[in-house]
Amino acid sequence: MATGTAAWLPFARAAAIGWMPVASCPMPLAPRDNSKKKDELIMLNVSGRRFQTWRTTLDRYPDTLLGSSEKDFFYNEEAKEYFFDRDPDVFRSILNFYRTGKLHYPRQECISAYDEELTFFGIIPEIIGDCCYEEYKDRKRENLERLQDDQEDNKDMKLPNMTIRETMWRAFENPHTSTMALVFYYVTGFFIAISVITNVVETVPCGATPHHKNMPCGERYTVAFFCMDTACVMIFTVEYLLRLFAAPSRYRFMRSVMSIIDVVAILPYYIGLVMSNNEDVSGAFVTLRVFRVFRIFKFSRHSQGLRILGYTLKSCASELGFLLFSLTMAIIIFATVMFYAEKGSSSSKFTSIPASFWYTIVTMTTLGYGDMVPKTIAGKIFGSICSLSGVLVIALPVPVIVSNFSRIYHQNQRADKRRAQKVQKTRQARIRIAKSGSANAFLASKHHGLLNELLELTGTEEDEQKLIRNTSLLESQHHHLLHCLEKTTAHEFVDEHMFEQNCLEEALQSYPSRSPSVSSQGSCTICCCGSRRHPDPRVPRGPLQELSALHIQSSQLAVHPSSRSNLNLRAEDGSRVNCKGGQVTTAIISLPSPPSLAPHREGRHHPHHPTTTTISNVFRVKVQLLEKMLLK
Amino acid sequence: MLSVIWETEGLQTVGIVLLVFASIKLLHMLGLISFSEDSIEDELELSTVRHRPEGLEQLEAQTRFSRKELQILYRGFKNECPSGVVNEDTFKEIYAQFFPQGDASTYAHFLFNAFDTDHNGSLSFEDFVMGLSILLRGTVQEKLNWAFNLYDINKDGYITKEEMLDIMKAIYDMMGKCTYPVLKEETPRQHVEVFFQKMDKNKDGVVTIDEFIDCCQNDENIMRSMHIFENVL
């Protein structure tokens with residue numbers, strides 16, 4: 001069981017008496033508690049420091065070293081204690097885990113030493129309680145980064161047998177891998193700079209000429225600027241196409257931010273080419289030229305710091321959002337107040353509340369242009385309050401953003417954050433698996449238990465010894481409890497896979513050859529009660545009285561000859577064995593009944609679960625309870 | 001002239017100042033800002049509910065457990081609940097851990113009410129151990145009494161069909177979704193019908209304690225299953 005609820009198991013089992021009067025089926029027998037030894041103190045000697053605890057405390061977690069029989073390897077006969085040659089300080093937290101059910105991570109311990117101890121004692125780190133888990137994960141991440149920094153020097157080794165595509169992609173992503181890549185890197189950087197400078201310069205007034213008034217350079221030297229623009233766009237287009245070709249996942253590349261920036265940078269030029277003769281849309285054309293400034297973002301490929309700044313802003317989105325929201329609130333409040341304060345004064349610039357917004361923003365950011373100034377006393381009072389509060393409101397989130405930026409810049413953690421998100425999911429998944437292990441353990445032990453009984457029935461000694469049950473007493477008692485619940489409600493626990501199969505099969509059972517499953521499901525609530533058993537002496541069936549339907553996926557049919565006669569008896573169900581090979585068919589197989597279990601011993605309740613037999617790996621066995629067949 | 005200007009301006013100022021103070025008071029009431037240090041501490045609710053059970057001898061006299069058994073029980077109980085009492089939420093959590101596939105909270109609620117004989121909303125060690133004593137060491141009559149008490153949700157001495165339906169649904173909820181055969185909507189209801197057919201002798205729609213005990217004593221299966229858990233401790 002996952003947590004220390006071992007103390008409550010007797011209580012839960014006792015409370016199961018509440019199900020007895022409403023149970024539809026008789027209850028299984030309880031597992032016998034053979035160990036009648038009293039609860040004793042165990043001495044644990046860890047490198048000289050002695051710890052003592054009750055045996056039952058350690059038994060709470062049977063899948064760890066101390067809870068299982070693995071600790072017998074460490075038993076010291078002469079001193080009658082268990083000796084572990086490990087760190088006694090860390091052992092304190094491990095033993096506390098058994099006592100309280102919560103695993104804590106002591107802050108002064110080294111993370112790798114702690115991990116090693118946990119692995120030694122068989123405890124998964126995901127169980128660490130929420131109080132200490134953040135600290136644990138942070139330390140673990142730092143450790144990983146340190147290891148990674150050591151490894152990065154080896155990363156640039158060229159792998160043999162890379163295709164042209166892979167070589168090109170590596171060249172694009174890491175420019176210092178080869179000379180060609182470096183040349184390409186600098187050439188594109190140069191052209192980005194040229195393009196940006198061109199865009200800027202073409203708006204500068206170039207000086208008057210005799211026949212034109214003062215006009216910007218772009219209109220004076222149209223041809224030259226056009227040629228420069230064309231050259232840059234050609235380079236950018238070639239670069240984009242090469243990247244698209246080399247990308248390992250083209251779809252992901254096209255969705256990435258950098259490629260969108262590339263496209264936006266070169267698109268205005270092509271659109272301009274197409275539309276250049278149309279005078280009506282020249283206004284829109286002019287607007288498009290604004291987008292050329294996006295070329296400057298292409299520099300972010302060349303600058304690590306720029307990328308990190310962009311990433312910081314993205315990760316500080318919540319702080320920025322808070323800043324924006326609080327500013328908006330303050331602006332509206334102060335603008336309203338200022339408007340009403342200044343309403344009385346004549347020739348006031350505060351003509352409406354939206355007009356006061358401008359004053360408020362300028363004041364709160366301490367710009368103070370001076371184009372709007374309050375004249376009334378109330379206005380001045382509130383204006384000063386406004387500027388003071390502006391300083392506070394803006395100053396609050398800024399240190400958070402700054403510290404975020406410096407942290408990210410220094411540790412370069414973008415990939416680690418992505419990995420950390422995956423780790424969070426795997427942590428939950430692992431804990432869920434460990435917890436659901438108890439559910440699956442019940443189902444697994446059911447199969448185990450059935451196999452055990454089947455072997456008991458068929459009486460092969462060697463096979464019995466193979467299935468040594470190593471479930472602890474606690475587990476077997478828990479399974480008995482779940483089994484009682486099954487018997488109370490006359491329904492079984494199945495795992496999700498089987499459940500979905502059942503649902504599918506119920507949907508499939510619409511054609512005329514109805515399998516027996518449909519008929520028996522309707523009457524299942526009364527089918528398992530022993531009092532209705534009337535075994536047919538003609539048919540070699542014992543009180544097992546169960547029907548197994550095999551879904552056969554191969555063309556073999558393993559139909560027992562005697563069961564065919566039973567099929568005839570059940571003619572009203574309309575079940576037919578479909579003899580076409582290769583399809584899914586249902587066949588009825590009766591289990592061999594041992595002569596020792598006489599049919600009349602209905603009173604003896606062996607813990608007969610519905611039997612699951614695996615006859616071969618080809619067949620998938622579906623077990624159903626049969627009732628009508630034996631009422632004949 | 002000046003006095004008129006002062007009047008209008010002054011009125012405006014006063015009005016605005018009143019508005020500002022009102023908004024500050026509103027924020028203070030909403031708890032967004034606080035002026036004094038003590039208001040924060042009101043929120044720290046120190047739960048000093050701690051319960052110490054009666055002495056070992058008294059419990060030994062009242063229940064059918066031996067001293068050693070009481071010791072083991074108390075150690076386990078105190079380990080799980082250091083404060084000495086279990087409230088309903090903790091109880092539901094603990095009980096839910098035994099039934100990972102379904103939802104045990106409704107049944108745990110009924111169980112809690114059955115154990116909490118003094119109805120004070122929390123289970124102390126005495127309640128726990130008294131209940132266990134009946135269930136594990138009591139006579140069949142006492143066990144059946146306890147079961148009747150569990151089913152009778154409003155403790156009026158009669159089990160109605162609605163009460164039984166609630167209990168039945170709670171039990172079926174514990175099975176969860178992935179069962180074989182698939183749980184249908186009317187399965188609990190059918191189960192209740194079967195139960196009432198068996199138990200309700202005079203067909204008046206309710207089951208009294210005498211009908212219940214009579215019927216159970218005549219049913220072999222139920223009698224036999226009452227003895228399953230005798231060696232739990």
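**Close-up views of a predicted model**

**Figure 1. Arg243(A) and Glu239(A) are both buried.** In this predicted model, the two residues form a salt bridge whose closest N and O atoms are 3.0 Å apart. Both belong to helix H9 (residues 222–246) of chain A, where they stand four residues apart, about one turn of the helix. Side chains of opposite charge can pair when their charged atoms come close.

**Figure 2. Glu239(A) also forms a salt bridge with Lys298(A).** Here the closest N and O atoms are 3.6 Å apart. Glu239(A) lies in helix H9 of chain A, whereas Lys298(A) lies in the loop between helix H12 (282–290) and helix H13 (304–315) of chain A, so the pair ties together parts that are 59 residues apart in sequence. Glu239(A) has a relative accessible area of 4% and is therefore buried. Lys298(A), with a relative accessible area of 2%, is buried as well. Through salt bridges that share partners, Glu239(A), Arg243(A), Asp262(A), Lys298(A) and Arg301(A) are joined into one network.

**Figure 3. A salt bridge links Glu81(A) with Arg50(A).** The closest N and O atoms of this pair are 3.2 Å apart. Over all chains, the structure holds 25 salt bridges.

**Figure 4. Asp152(B) occupies the loop between helix H8 (140–151) and strand S3 (158–160) of chain B.** With a relative accessible area of 3%, Asp152(B) is buried. A polar atom of its side chain lies 2.6 Å from the backbone nitrogen of Gly157(B). Leaving aside neighbours within four places in sequence, Asp152(B) is in contact with Gly157(B), Tyr158(B), Ile159(B) and Glu163(B). The C-alpha atoms of Asp152(B) and Ala114(B) are separated by 9.2 Å, although these residues are 38 residues apart along the chain.

**Figure 5. Helix H6 (residues 105–115) and helix H9 (residues 161–175) of chain B cross at roughly 130°.** Their axes come within 7 Å, and the crossing angle makes H6(B) oblique to H9(B). On the side of H6(B), the contact is made by Thr106(B), Tyr107(B) and Phe110(B). H9(B) contributes Asp166(B), Ile167(B), Ala170(B), Ile171(B), Asp173(B) and Met174(B). By class, this contact has six nonpolar, one polar and two charged residues.

Technical notes
Residues numbered from 1 in each chain as written. Chains lettered and ligands numbered in written order. Predicted model: local features only at pLDDT ≥ 70, side-chain atom pairs only at ≥ 80, totals over all residues. Heavy atoms only, no water. Axes fitted to C-alpha atoms, helices over the stretch in contact; angles between N-to-C directions. Helix = DSSP H or I, 4+ residues; strand = E, 2+ residues; numbered from the N terminus. Parallel < 35°, antiparallel > 145°, perpendicular 65-115°, else oblique. Contact = heavy atoms within 4.5 Å. Nonpolar A, V, L, I, M, F, W, Y, C, P; charged D, E, K, R; others polar. Buried < 20%, exposed > 50% of the residue type's maximum accessible area, 1.4 Å probe, protein only. Polar contact = N/O pair within 3.5 Å; in protein donor to acceptor, adjacent residues only side chain to side chain. Salt bridge = Lys/Arg side-chain N within 4 Å of Asp/Glu carboxyl O.
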